[in-house]
Amino acid sequence: MENLDGTILTTAAPSIGVSLGVPSLAVGVTITAYLLTLAVLIPLSGWLSERFGARPVFLTAIAVFTAASILCALSQNLTELTAFRVLQGAGGAMMVPVGRLAVLRMTSKADLIRTIALLTWPALAAPVVAPLAGGLLTTYATWHWIFLINAPLGVAAFVVALRILPHDRSAAGPEASPALDWWGVLLTGFGLGVLVYVGSLLADGDTNVIALVLLAALGLALVGGATVHFLRARYPLLRLSSMRIETFRLSHAGGSMFRMTISSMPFLLPLLFQDRFGYSPVLAGTLVLFVFVGNLGIKPFTTPLLRRFGFRSVLLGATGGAALSMVLCALLTRETPLVVVVVLMVFSGVVRSVGFTAYNTIAFADIEQAEMTAANTLASTLQQVAAGFGVAVAAVALRAGESVPTGSLLPSGSFSFSFLVVAVLTLVASAEALRLSKSAGENIRPARRVTATP
């Protein structure tokens, strides 16, 4: 639910605009408000989990998200919809990182790869399912059902979580837990909020360049100030000590670049298919859906791949394969047979899934259970920011390529140029993976099965 609702409104924006009496572009503020709230409040999830326990925070988050979804569907104007999207983002900011933390606390190192693979696929599926889901719900029902569909899902999730989540005995409680790091909250909240807002302005493309530069400088200064504060504070909101660990640092250095470029693809592909090739929204959404087929199809083989080749080789293969898929997308034309496009989408989904699973798993390979809350909160924050900038990077690349003529070298003009840009950026992740030691992640890597010989 949380991942779907980040992007599902894109295809429904015209219908929402007509219903609420505003231009469709104005609906973009509701998407920005949601992503801003996620970025600002995710860092709080770790402190809340330590103080009150993962179980009550997770259950409350599901309830808030579900109630906010219903309120979004009942909105009568854009102001109400935006306000309820902020509330929905508040629930989502607690729901995903705290839910993952509850699982990681109960997962042994031996089961980490399989568990992370299961946790990863909804995040992989949502961006590619969202365009088609939003289009179908808007076409055959009304935009309200984009939010109302969360009601039965939220109720079911709440009931299941209530039954299976154990009571968290590790919660410190209000008396024993450290006080909230208010300076960290303010610096991080405003800093990340400004940077995510800058990302949305970059994607919009109509903002004054000077204003963008000033806002970006402000956001970076606030985040820099927050970093200095975290290194000095006794009980910081975000503990940065996990970045000293090679495997965690790799997952959020090259891994952030990988997440950012991969997150740009569900934005670029529907635009390519509809704006350049003239495909219908349903056909475009269906083609993008084959990325999810690749995501899901490779899942049973993720653990054997890591067992056979190890993290370093798998990461190099995934990042290199992702870059290759982007280069091939740059060569697509309207005359390309649909079966070739489908095969390319499946291949893109395969390397995408393998890369995400490997990065997300190795991040916690050397994290002790006592440090899991802090590491999980930092990981969730960095991942949200990286994914949030994916659309911005793609939009900037598209605009930069507008002067590129459509020709034999770049058959789709600005779209071909943008795919090549994100491919080059993805190779940065490959360079980072090259620096990883060959033994990294061996402590959680499943042992290879050896067949006994008679």
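Because the model is predicted, local features need pLDDT of at least 70 and side-chain atom pairs count only at pLDDT 80 or more, while totals for chains, interfaces and linings use all residues. Residues are numbered from 1 along each chain as its sequence is written, and side-chain values use heavy atoms, with hydrogens and water left out.

**Aromatic rings**

- Rings of Phe, Tyr and Trp (its six-membered ring) are taken to pair if their centres lie within 6.5 Å, and a pair is called stacked with planes under 30 degrees apart, edge-to-face over 60 and tilted for the rest; by this rule there are seven aromatic pairs.
- One of them joins Trp47 and Phe52 in an edge-to-face arrangement, with 6.5 Å from centre to centre and 90 degrees between the planes.
- Burial is judged by relative accessible area (1.4 Å probe, protein chains only), with buried meaning under 20%, exposed over 50% and partly exposed in between; Trp47 is buried at 16%, whereas Phe52 is partly exposed at 41%.
- The pair of Phe258 and Phe356 is also edge-to-face, since the ring centres are 5.7 Å apart and the planes stand at 65 degrees.
- This pair links distant parts of the chain, for Phe258 belongs to helix α14 (residues 254–276) and Phe356 to helix α16 (residues 338–362), 98 residues apart; helices here are DSSP runs (H or I, at least four residues), numbered from the N terminus.
- Phe258 is buried, with a relative accessible area of 0%, and Phe356 is likewise buried, at 13%.
- Phe258, Phe356 and Tyr359 are linked into a cluster by ring pairs.

**Arginines at a ring and in a helix**

- The charged end of Arg85 sits over the ring of Tyr34, 4.3 Å from the ring centre, where the criterion is NZ of Lys or CZ of Arg within 6 Å of the ring centre and within 35 degrees of the ring normal.
- Arg55 lies in helix α5 (residues 54–73) and counts as buried, at 14% relative accessibility.
- Leaving aside neighbours within four places in sequence, Arg55 is in contact (heavy atoms within 4.5 Å) with Leu162, Leu165, Pro166 and His167.

**Salt bridges**

- With a salt bridge defined as a side-chain nitrogen of Lys or Arg within 4 Å of a carboxyl oxygen of Asp or Glu, a search of the whole structure finds two.
- In one of these, the side chains of Arg239 and Glu50 meet at 3.5 Å, N to O.
- That pair links distant parts of the chain, with Arg239 in the loop between α12 (209–232) and α13 (246–251) and Glu50 in helix α4 (residues 44–52), 189 residues apart.
- Both partners are partly exposed, Arg239 at 27% relative accessibility and Glu50 at 24%.
- Arg435 forms a salt bridge with Glu432, and the closest N and O atoms are 3.6 Å apart.
- Arg435 is placed in the segment after α18 (414–434) and is exposed, at 65% relative accessibility.
- Although Arg435 and Glu246 are 189 residues apart in sequence, their C-alpha atoms are 9.9 Å apart in space.

**Helix α17**

- Helix α17 (residues 372–400) has 29 residues and reaches 41 Å from its first C-alpha to its last, close to the expected 42 Å, which is 1.5 Å times one less than the number of residues.
- At Gly390, α17 bends by about 30 degrees, the bend being the angle between axes fitted to the seven residues ending there and the seven starting there.
- Helix α17 is mostly covered, with 22 of its 29 residues buried.

Technical notes. Helices (H or I, at least four residues) and strands (E, at least two) are DSSP runs, numbered from the N terminus.
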